[in-house]
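Here is my note on the model, as numbered points. Please read it with the coordinates open.

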Amino acid sequence: MDKIQTILDNYQKLCGYCDGIWERVRQAFPGEIACRKGCGVCCELQSVNQLEAYAIRSHIEGIDGREPLGRKRKSAYVCPFLQDRACVIYGVRPIICRTHGLILRSTEFPHAHQAASCPYNFPSHHPRDVAPELTADIDRITKNLTNLNLAYCMVNNIDVRDEQLIRVPLKKLASLFG
Ligand code: SF4
């Protein structure tokens, strides 16, 4: 199989792993999750790695009759893909967007290594009381994403030491809409 396709398949598995946590969380905590279409409070992402840029670019280029995104921006920090409080690339949104809102788990966090990522979710639960299987292990997720991105860069001869090439601005990807 094509190397890029293999990397992309594994990236999609990682996306599915994050989405699976969300499914379990929504079942376990009905009424405790504020994340929904129309929120967008956390949508401040400005750049992605090369692999995620490729996934987004492929998606946008495959849209028939795509139209330019609205130019209305409330703040320079708002993600360019947030339009009318909804993500226009929701199906291919980056990994960080798929974990935001969950309780995150990392060995770098103090106190039981678990911390909230959104002040509106889990109002009745302390982060440390949420079962680990209902949290996002961001050490593991980040390590997997980093390795997949490195593999993607190697296959495409992208020099990951080049600061200009490490991250791709979302603004540049959003301009593909026209
Ligand atoms: S890509 Fe979508 S989900 Fe992620 S920050 Fe931008 S608008 Fe929000």
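1. Three strands form an open sheet in the order E5-E4-E6, and the pairing is mixed. Strands here are DSSP runs (E, at least two residues), helices are H or I runs of at least four residues, and both are numbered from the N terminus. Two strands pair if DSSP finds at least two bridges between them. The edges are strand E5 (114-116) and strand E6 (136-137); each has a single partner strand, so one side of each lacks a neighbour in the sheet. Strand E4 (residues 103-105) pairs with E5 in the antiparallel sense, over three bridges. Arg105 has Gln114 in E5 as its bridge partner.

2. A word on the source. This is a predicted model: local features need pLDDT of at least 70, side-chain atom pairs count only at pLDDT 80 or more, and totals for chains, interfaces and linings use all residues. Residues are numbered from 1 along each chain as its sequence is written.

3. The overall fold comes next. The protein has six helices and seven strands. From the N terminus on, the elements run α-β-α-β-β-α-β-β-β-α-α-β-α. The radius of gyration is 17 Å, close to the 16 Å that the globule rule gives for 178 residues, so the protein is as compact as a globular protein of that length. The radius is taken over C-alpha atoms, and the rule is 2.2 Å times the number of residues to the power 0.38. Along the principal axes, the C-alpha atoms fill a box of roughly 45 × 35 × 30 Å.

4. How much of the protein is buried? Buried residues make up 25% of the 178 residues. The cut-offs: buried means 20 or more other C-beta atoms within 10 Å of the residue's own, exposed means 12 or fewer, and partly exposed lies in between, with C-beta atoms placed from the backbone. Of the contacts with a separation of 6 or more, 76% join residues 24 or more positions apart. A contact requires C-beta atoms, placed from the backbone, within 7 Å.

5. Helix H2 (residues 50-61) has twelve residues. H2 reaches 16 Å from its first C-alpha to its last, close to the 16 Å expected at 1.5 Å a residue; the expected span is 1.5 Å times one less than the number of residues. Its buried residues are Leu51, Glu52, Ala53, Tyr54, Ala55 and Ile56. Their cover includes helix H1 (3-28), strand E1 (47-49), helix H4 (138-155), strand E7 (167-169) and helix H6 (170-174).

6. Ile95 lies in helix H3 (residues 95-99). Ile95 counts as buried because it has 23 C-beta neighbours inside 10 Å. Beyond its neighbours within four places in sequence, Ile95 contacts Leu14, Cys15, Cys18, Ile141 and Leu145.

7. Check the loop between strand E2 (82-83) and strand E3 (86-87), where Asp84 is found. Arg85 is in the loop between E2 and E3 too. Asp84 has a positive phi of about 50 degrees although it is not a glycine. Arg85, also not a glycine, has a positive phi of about 60 degrees. Most residues other than glycine have a negative phi. Asp84 is exposed, with 10 other C-beta atoms within 10 Å. Arg85 counts as exposed, with 12 such neighbours.

8. Finally, the ligand. Around the ligand are Cys43, Leu45, Cys79, Phe81, Leu82, Cys87, Ile89, Arg93, Pro94 and Cys97. Membership needs a C-beta atom, placed from the backbone, within 6 Å. The shell divides into nine nonpolar residues, no polar and one charged.

Notes
Two residues are in contact if their C-beta atoms, placed from the backbone, lie within 7 Å. Ala, Val, Leu, Ile, Met, Phe, Trp, Tyr, Cys and Pro count as nonpolar, Asp, Glu, Lys and Arg as charged, and the others, Gly among them, as polar.
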